[in-house]
Amino acid sequence: MTGQQKTITPGLGTVLILLAGCSWGSIGIFVRTFGREALGSMEIVALRSIFTAVFMALFLLIYDRKLLRIRLKDLWCFIGTGVVSMAFFNFCYFRLITVSSLSVAAVMLYTAPAFVMGLSALLFKEKITKMKIFAVVLTVVGCAFVTGILGSPVKLSLEAILLGLGAGVGYALYSIFSRYALLRGYHNFTIVLYTFIFTAAAVIPLSDMGKLASVVTKSPGMAGFSALCGIVTTVFPYIVYNFGLTAVENGKAAIAASVEPVVATLIGVFIFRETMTAGNLAGIFMVLAAIVLANRREKQNHC
């Protein structure tokens, strides 16, 4: 164990992951504002990635330059978090939105806890218990209710299904590659920095950088808003999520992070005056129940 793993308890780790999920859930506020400026989804990903990489690099130059160092033999960990996970997940997710709906995309994305649980059992020998399986099912069903996909006549094409599974796997792989980096002794700050260096390198060619630059530099207010987007939806949540991973199993962490669509729905209701249905409310309670169940101490034998 690294020093940072010893100082965080499982309870605190869960709280940190919940905070990360809440921060990710707030992205709708920024997306809607940037949408009014005709900024596309990939441009927003590029903005978040570039800002995070620059911010973390400057921070570590001041805080501790030793944390800028990585070993070439471990480069695959950061290519994994940045390209295989972040860039691939965002590409699949935003492509899915164009061939399906936001609600379908959100539910397909939250198949991720199932992938995390399976991969973590295979790679890190984490136990798969009946309670975890129930919590994952409850999470997916809850997200379906939260997004309103249940009860609506949704038809999925093969492309949508494949993109959805790709988004879920890509999203899940962040926890896997981050765990490998943590086990190799890398600090959370180092992981976040190199994750977004590689993410930026992968998404910049797919983005309209001229449009992004014109929006960010439009006014001091928009520049500040862009920086706030980077801090609230990327820098802060990924740092605290990685700290949480030092004390919480990957599978439990993925379920706890599923608070994101709950927060997004509540923001929609209270800030954008969207309607809250009985199904939305039921889904919120399901997701919260899944988080509680997943993080209970389990005494039963694993499957």
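**A first look at a helical model**

Visitor: What share of the 303 residues is buried?

Guide: Buried residues make up 51% of the 303 residues in the protein, where buried means under 20% relative accessible area, exposed means over 50%, and partly exposed lies in between, with a 1.4 Å probe and protein chains only. This is a predicted model, in which local features need pLDDT of at least 70 and side-chain atom pairs count only at pLDDT 80 or more, while totals for chains, interfaces and linings use all residues. Residues are numbered from 1 along each chain as its sequence is written, and side-chain values use heavy atoms, with hydrogens and water left out.

Visitor: How many helices and strands are there?

Guide: The protein has 15 helices and 0 strands, counted as DSSP runs numbered from the N terminus (helices are H or I with at least four residues, strands are E with at least two).

Visitor: And what about the overall size, what box do the C-alpha atoms fill?

Guide: Along the principal axes, the C-alpha atoms fill a box of roughly 50 × 45 × 35 Å. The radius of gyration is 19 Å, which agrees with the value near 19 Å for a compact globule of 303 residues; this radius is taken over C-alpha atoms, and the globule rule is 2.2 Å times the number of residues to the power 0.38.

Visitor: Switching to rings, how many aromatic pairs does a search of the whole structure find?

Guide: The search finds 21 aromatic pairs, meaning rings of Phe, Tyr and Trp (its six-membered ring) with centres within 6.5 Å, called stacked if the planes are under 30 degrees apart, edge-to-face if over 60, and tilted for the rest. One of them joins Trp24 and Tyr241, whose ring centres are 5.5 Å apart with planes at 55°, so the pair is tilted.

Visitor: Which helices do Trp24 and Tyr241 lie in?

Guide: Trp24 lies in helix α2 and Tyr241 in helix α12, so the pair ties together parts that are 217 residues apart in sequence. Trp24 is buried at 9% relative accessible area, and Tyr241 is buried at 4%.

Visitor: What about Phe196 and Tyr238, how do their planes sit?

Guide: Phe196 and Tyr238 form an edge-to-face pair, with 5.1 Å centre to centre and 70° between the planes. Phe196 belongs to helix α10 (residues 188-203) and Tyr238 to helix α12, so the pair links parts 42 residues apart in sequence. Ring pairs also link Trp24, Tyr174, Phe196, Tyr238 and Tyr241 into a cluster.

Visitor: Which helix gives the most to the nonpolar patch?

Guide: Helix α2 gives the most, with 3 residues. Leu12 lies in α2 and is partly exposed at 41% relative accessibility.

Visitor: Last one: where is Lys125 found?

Guide: Lys125 is in the loop between α7 (112-124) and α8 (130-147), and has a positive phi of about 60° although it is not a glycine.
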